[in-house]
Amino acid sequence: MSGPPTLVLFGAGSLCGEALIEQLSLGTPWLGLGRRQPPGTAGHQWRLCDLSDLSPEGLAAAASALPPGPQIWIAFAHIWLMAPFLEALLARQPQALAGLRGVVACSSSSVITKRFAANRFDRELVQRLNKAQQQLLDTCLRLSVPARILAPTLIHGRTEHHADRNVEALRRLLRRLPLLPLPAQTGLRQPIAAADLAAVALEQGRAMLTGAADSVVLPLGGDETLSYRDLLERIQAGDPRAAYCRLLALPTPLFQWLASPLLLVSPKTFEAVLRLSADLAGFTCVADLLGRPPQPLRVQPPR
Ligand SMILES: NC(=O)c1ccc[n+]([C@@H]2O[C@H](COP(=O)([O-])OP(=O)(O)OC[C@H]3O[C@@H](n4cnc5c(N)ncnc54)[C@H](OP(=O)(O)O)[C@@H]3O)[C@@H](O)[C@H]2O)c1
């Protein structure tokens with residue numbers, strides 16, 4: 001008799017990976033695969049696997065690292081690593097995928113929000129995400145297993161060993177600067193907590209067990225939508241050192257004109273400055289996906 005499928009976790013050593021491990025109920029069979037053993041993880045629950053090593057030897061090693069029997073993959077490693085890895089594994093070591101029941105992978109809402117970017121860096125990011133999404137969908141189709149591709153907005157939160165790089169970067173900026181000029185009109189944001197993204201990934205994985213999951217790309221965000229300025233003020237509210245920084249609202253055209261020299265030095269940064277006034281929200285929220293009441297954004301206090 002076969003037991004429950006093993007959860008194979010790629011990117012276990014990331015913020016979202018740790019948040020997911022924290023939510024696993026006791027006795028859930030799981031195994032982390034990656035380049036470094038995540039802190040706090042028992043040795044028997046982790047195996048070495050470099051997703052970027054697609055050599056015959058690397059793929060053979062990855063195949064032998066995978067557990068036997070039915071398994072569901074949840075990946076917080078970048079989709080542009082996961083997609084070629086799965087395709088190459090199918091080509092070289094198909095027997096290793098005999099127990100695969102489905103893949104939950106992480107793309108990014110940038111695939112939508114940066115779609116019409118003018119700078120090369122963002123255009124290439126969108127191309128890379130789109131290509132990887134399609135490659136993963138195609139490979140899963142050939143394997144006859146569902147692919148649930150989550151495309152989250154900016155991720156925030158903290159676990160025992162990890163902190164996000166979004167809210168924490170803003171916190172550092174607010175702590176350093178006495179004054180932060182902003183456009184008068186700041187756009188909407190829908191940050192998603194790492195723990196919420198992990199909960200959705202787990203839920204999507206569970207749906208695969210009942211056969212209720214088709215392949216899909218699912219853009220998603222947190223339950224609360226707020227302006228970029230509100231987000232900064234929320235950080236300041238919980239951090240007296242960040243609260244010293246004065247937010248100075250400038251007329252939006254003046255702010256953008258003052259930032260325009262950036263266009264010559266770094267078109268990517270200039271476009272990021274323009275995006276401060278753009279609405280990057282309106283995605284399906286976690287509450288709807290998990291069928292629970294909406295929860296407000298909680299910025300965790302500084303460590
Ligand atoms: N951060 C955001 O705001 C944001 C927004 C939208 C989407 N996303 C997506 O959400 C996911 C999680 O984001 P994150 O910022 O938490 O990611 P992250 O901190 O960069 O973590 C990525 C994970 O992938 C693993 N990894 C990287 N290269 C690998 C390789 N060659 N072989 C095996 N494992 C490898 C890393 O483990 P090791 O380095 O230890 O091997 C790490 O655990 C990513 O797919 C990201 O693209 C992030």
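**Strand pairing, ligand shell and a loop residue**

Biologist: What is the bridge partner of G221 in β14?

Modeller: G221 has C285 of β14 as its bridge partner. Strands here are DSSP runs of E with at least two residues, and helices are runs of H or I with at least four, both numbered from the N terminus. This is a predicted model, in which local features need pLDDT of at least 70 and side-chain atom pairs count only at pLDDT 80 or more, while totals for chains, interfaces and linings use all residues. Residues are numbered from 1 along each chain as its sequence is written.

Biologist: In which sense do β11 and β14 pair?

Modeller: Strand β14 (residues 284–285) and β11 pair in the parallel sense over two bridges; pairing requires that DSSP finds at least two bridges between the strands.

Biologist: And how many bridges join β6 to β11?

Modeller: Five bridges join β6 (residues 147–152) to β11 (residues 216–221), and these strands also run parallel. Within β11, L218 stands opposite L150.

Biologist: Changing topic, how many residues surround the ligand?

Modeller: The ligand is surrounded by 24 residues, the closest being G11, S14, R35, A77 and S108. A residue counts as near when its C-beta atom, placed from the backbone, lies within 6 Å of the molecule.

Biologist: Which elements each supply at least two residues of that shell?

Modeller: They are α1 (15–23), β4 (71–78) and α3 (79–92).

Biologist: Where is A118 found?

Modeller: A118 lies in the loop between α4 (110–113) and α5 (120–143).
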